[in-house]
Amino acid sequence: MIVFTIPAEDPDGMALMRDLYRRYSRLMFAEALRRVSNRQDCEDIVQDAVESLCGKLDTLRELPAAAVPAYIVYTVKHKSISFLRHQAVVGRH
């Protein structure tokens with residue numbers, strides 16, 4: 001279950017995030033699965049990416065439509081890398 005963290009006074013932001021998630025959820029999961037094989041870890045990465053995207057609604061609104069998928073892929077990619085780095089630190093301790 002994906003949770004959108006958007007202020008209540010921004011109903012357009014909620015609609016935007018729902019639309020983006022419906023359109024690009026498969027892309028987000030595919031990108032996360034490239035780096036991790038565990039489905040639960042993949043869901044955690046996508047949730048972190050969605051939270052990050054919720055904080056950047058203004059940027060998403062300003063981007064041209066063709067650039068939005070790339071922005072989403074880069075966000076998921078960087079969240080995956082951060083997750084793997086964190087797992088490596090946890091593994092060392």
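Colleague: What should I know before reading the numbers?

Modeller: The model is predicted: local features need pLDDT of at least 70, side-chain atom pairs count only at pLDDT 80 or more, and totals for chains, interfaces and linings use all residues. Residues are numbered from 1 along each chain as its sequence is written, and side-chain values use heavy atoms, with hydrogens and water left out.

Colleague: How many helices and strands does the chain have?

Modeller: Helices (H or I, at least four residues) and strands (E, at least two) are DSSP runs, numbered from the N terminus. Here there are 4 helices and 0 strands. The order from the N terminus is α-α-α-α.

Colleague: How do I read the span of a helix, and what is the case for α1?

Modeller: The expected span is 1.5 Å times one less than the number of residues. Helix α1 covers residues 11–35, 25 residues in total. From first C-alpha to last, α1 reaches 33 Å, close to the 36 Å expected. Helix α4 also has 25 residues. Its reach is 36 Å, close to the 36 Å expected.

Colleague: Where is the kink in α1 centred?

Modeller: A bend at a residue is the angle between axes fitted to the seven residues ending there and the seven starting there. In α1 the kink is about 65°, centred on Tyr24. Tyr24 is also one of the buried residues of α1.

Colleague: Is Ser80 buried or exposed?

Modeller: Buried means under 20% relative accessible area, exposed over 50%, partly exposed in between (1.4 Å probe, protein chains only). Ser80 lies in helix α4, residues 68–92. Ser80 is buried because its relative accessible area is 0%. Ser82 counts as partly exposed because its value is 42%.

Colleague: What does Ser80 touch?

Modeller: Contact means heavy atoms within 4.5 Å. Leaving aside neighbours within four places in sequence, Ser80 is in contact with Ala32, Arg35 and Ile45. Ala32 is among the buried residues of α1. As for Ser82, its C-alpha is 9.2 Å from that of Ile45, 37 residues apart along the chain.

Colleague: Which helices do the buried residues of α4 pack against?

Modeller: They pack against α1, α2 and α3. Those buried residues include Val68, Ile72 and Phe83. The buried residues of α1 pack against α2 (39–54), α3 (57–62) and α4.

Colleague: And for the whole chain?

Modeller: Buried residues make up 34% of the 93 residues. Among contacts between residues at least 6 apart in sequence, 64% join residues at least 24 apart.
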